Amino acid sequence: MEKAVIGLNLCPFAKSVYVKNQVRIVVSDATEPAQLAEELARELQLLAETSPEETDTTLLIHPYVLQRFLDFNEFQDIADAIVAELDLDGVLQVASFHPKFQFEGTGINDISNYTNRSPWPTLHLIREASIDRAVEAFPEAEAIFEKNIDTVTQLGVDGWQALFATKS
């Protein structure tokens, strides 16, 4: 997160909540999708019930389940259903990051996929109100995606790997 998301400014909204210690990071020990679904529901409820000043966003990292990207991608439908079941549509949303993330229509090694890659499968629980505030503060938010692709394209795979090979 520090080297890529914040360091490369892939998400211009991440630094402020990170430095204010408002990012909850949970490492799941789930080994089955059903266990992860239960944990996701608990984390969504907890985030919804917690003040944004205390916890603005949650990263639910799950290194032992959904290692295959297609399984992970299919789980997104379950995540969306859980949000709806908890009546949190319009309140929270779930974004996804995966070591083998692949946008539709791209090759597995396409550098643009790196904008959504992470060391472990991760579900990012985000407050809709926080997104709205961020978009107000950054009026051209729709340009972030293209800027991120430009950033990682200029860096290239070798530069991406070098970013994580260095200390600190």
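**Before starting**

This is a predicted model, in which local features need pLDDT of at least 70 and side-chain atom pairs count only at pLDDT 80 or more, while totals for chains, interfaces and linings use all residues. Residues are numbered from 1 along each chain as its sequence is written, and side-chain values use heavy atoms, with hydrogens and water left out.

**Stop 1: confidence**

Colour the model by pLDDT, the predictor's confidence in each residue, from 0 to 100. The protein averages 91, and 97% of the residues score at least 70. Confidence is highest in α3, at a mean of 98, and lowest in α5, at 83. Helices (H or I, at least four residues) and strands (E, at least two) are DSSP runs, numbered from the N terminus.

**Stop 2: helix α3**

Select residues 33–49, which form helix α3. This helix of 17 residues reaches 24 Å from its first C-alpha to its last, close to the 24 Å expected at 1.5 Å a residue; the expected span is 1.5 Å times one less than the number of residues.

Which residues of α3 are buried? They are Leu36, Ala37, Glu39, Leu40, Ala41, Glu43, Leu44 and Leu47. Here buried means under 20% relative accessible area, exposed over 50%, and partly exposed in between (1.4 Å probe, protein chains only). The buried residues of α3 pack against strands β1 (23–27), β2 (57–61), β3 (92–97) and β4 (122–127), and against helix α4 (69–85).

**Stop 3: the cores**

Next, select Leu36, Leu40, Leu44, Phe75 and Leu123, the residues with the most contacts inside the largest nonpolar core, which has 23 residues. A nonpolar core is a set of buried Ala, Val, Leu, Ile, Met, Phe, Trp, Tyr and Cys residues joined through side-chain atoms within 4.5 Å. The elements that give two or more residues to this core are α3, α4, β3 and β4.

Centre the view on Leu123. Among the residues that it touches, not counting those up to four places away in sequence, are Leu36, Leu40, Phe72, Phe75 and Val94; a contact means heavy atoms within 4.5 Å. A second, separate core of seven residues includes Leu10, Tyr114, Val152 and Trp160.

**Stop 4: Thr122**

Now select Thr122, in strand β4. Thr122 counts as buried, because its relative accessibility is 8%. Its side chain reaches the backbone oxygen of Trp120 at 2.8 Å. Leaving aside residues up to four places away in sequence, Thr122 touches several others, including Leu59, Ile61, Phe72 and Phe97.

**Stop 5: the salt bridges**

How many salt bridges does the structure hold? It holds three, where a salt bridge is a side-chain nitrogen of Lys or Arg within 4 Å of a carboxyl oxygen of Asp or Glu.

- Select Arg24 and Glu43, whose side chains meet at 2.8 Å, N to O. Arg24 lies in strand β1 and Glu43 in helix α3, so the pair ties together parts that are 19 residues apart in sequence. Arg24 is partly exposed at 32% relative accessibility, whereas Glu43 is buried at 7%.
- Select Arg133 and Asp56, which meet at 3.7 Å, N to O. Arg133 lies in helix α5 (residues 128–137) and Asp56 in the loop between α3 and β2, so this pair ties together parts that are 77 residues apart in sequence. Arg133 is partly exposed at 46%, and Asp56 is buried at 10%.
- Select Asp71 and Arg68, which meet at 3.1 Å, N to O. Asp71 is partly exposed, with a relative accessible area of 30%.

**Stop 6: two positive phi values**

Most residues other than glycine have a negative phi. Select Asn9, in the loop between α1 (2–6) and α2 (14–19); its phi is near 55 degrees. Then select Asp87, in the loop between α4 and β3, where phi is positive at about 60 degrees. Asn9 is partly exposed at 35% relative accessible area, and Asp87 is exposed at 67%.

**Stop 7: Tyr64**

Finally, select Tyr64 in the loop between β2 and α4. Is Tyr64 buried or exposed? Tyr64 is exposed, with a relative accessible area of 54%. It touches Ser28, Asp29, Ala30 and Thr31, not counting residues up to four places away in sequence.

How values were computed
A polar contact is a pair of N or O atoms within 3.5 Å; within protein, one must be able to donate a hydrogen and the other to accept it, and residues adjacent in sequence count only if both atoms are side-chain atoms.
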